[in-house]
Amino acid sequence: MEPVIVWYIRMSVIYFVLGATSGIAMIIWPSEAGYYVSSHVHLNLLGFMAMIVYGVGYHILPKFSGRNIHSPAVVKVQFWFANIGLVGMAVGWPFVARDTMTGLFNPILVISAFCSLLAAVLFAFNILKTVKPVQMQ
Ligand code: HEM
Ligand code: HEM
């Protein structure tokens, strides 16, 4: 497996543990849950689920199509946008929800959200340029 793909999978399971931990914390401190639920949701859905799809998708979809990945460089650039974006969103959201230090964390949240979106667009571009039907015998 390509090292960058291993890193997608490593980061995905790390976000899963962080997402599950934040879920337990919300059960223990329900009065705080409203501030952390957006971070929790995106650690799990964007961090765990999307990240593992990025990694596994990049590993198997080219093989299923009998082709190399369209751009290995995009795979690496996307990794950084996806991780910086998610960490910025997960950290920024509780501050913005609490209305604390929003001068700093509002821009961090917005920029991070765009990084996450860019990662998704890069994935879509790279996969669409990679997959093609294979003729059945
Ligand atoms: C140990 C694992 C988990 C625990 C303890 C947990 C706990 C919680 C809690 C307490 C809430 C409600 C917060 C509130 O609004 O009061 C919540 C919301 C949510 N969780 Fe988790 N969670 C876990 C794992 C996951 C996973 C793996 C996913 C997705 C893959 C997920 C997705 C969501 C979503 C989407 C919501 C928001 C639901 C809504 O819109 O109201 N959670 N979770
Ligand atoms: C570019 C990436 C993404 C951005 C910028 C984004 C942004 C947002 C925002 C602004 C909210 C409202 C949060 C609030 O009211 O506090 C939200 C909610 C939500 N998002 Fe995302 N999102 C992204 C990706 C995803 C993905 C990939 C999933 C699922 C696979 C997802 C699932 C959800 C869910 C379930 C909620 C409702 C959570 C709740 O009940 O509070 N998001 N998202």
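This is a predicted model: local features need pLDDT of at least 70, side-chain atom pairs count only at pLDDT 80 or more; totals for chains, interfaces and linings use all residues.
Colleague: What makes a residue part of the shell around ligand 1, and which are closest?

Modeller: A residue counts if its C-beta atom, placed from the backbone, lies within 6 Å of the ligand. For ligand 1 there are 13 such residues, with Ala20, Gly23, Met26, Ala33 and Asn44 the closest. Helix 1 (3-28) and helix 2 (33-65) each give two or more residues to this shell, and helix 2 gives the most, with 7.

Colleague: How do you know how many residues of that shell are nonpolar, polar or charged?

Modeller: Gly is counted as polar. On that scheme the shell around ligand 1 has 9 nonpolar and 4 polar residues, and no charged ones.

Colleague: What makes up the shell around ligand 2?

Modeller: Its residues include Val37, His42, Met49, Ala113 and Ser116. Helix 2 and helix 4 each supply at least two residues, and the largest share, 8 residues, is from helix 2. By class there are 9 nonpolar, 3 polar and no charged residues.

Colleague: Which residues touch the most other members of the largest nonpolar core?

Modeller: Of its 24 residues, these are Tyr15, Met51, Tyr54, Ala82 and Leu86. Helix 1, helix 2, helix 3 (72-98) and helix 4 (102-128) each give two or more residues to this core, and its largest share, 8 residues, comes from helix 3.

Definitions and conventions
Residues are numbered from 1 along each chain as its sequence is written. Chains are lettered from A and ligands numbered from 1 in the order in which they are written. Helices (H or I, at least four residues) and strands (E, at least two) are DSSP runs, numbered from the N terminus. A nonpolar core is a set of buried Ala, Val, Leu, Ile, Met, Phe, Trp, Tyr and Cys residues joined through C-beta atoms within 7 Å. A residue is buried if 20 or more other C-beta atoms lie within 10 Å of its own, exposed if 12 or fewer, and partly exposed in between; C-beta atoms are placed from the backbone.
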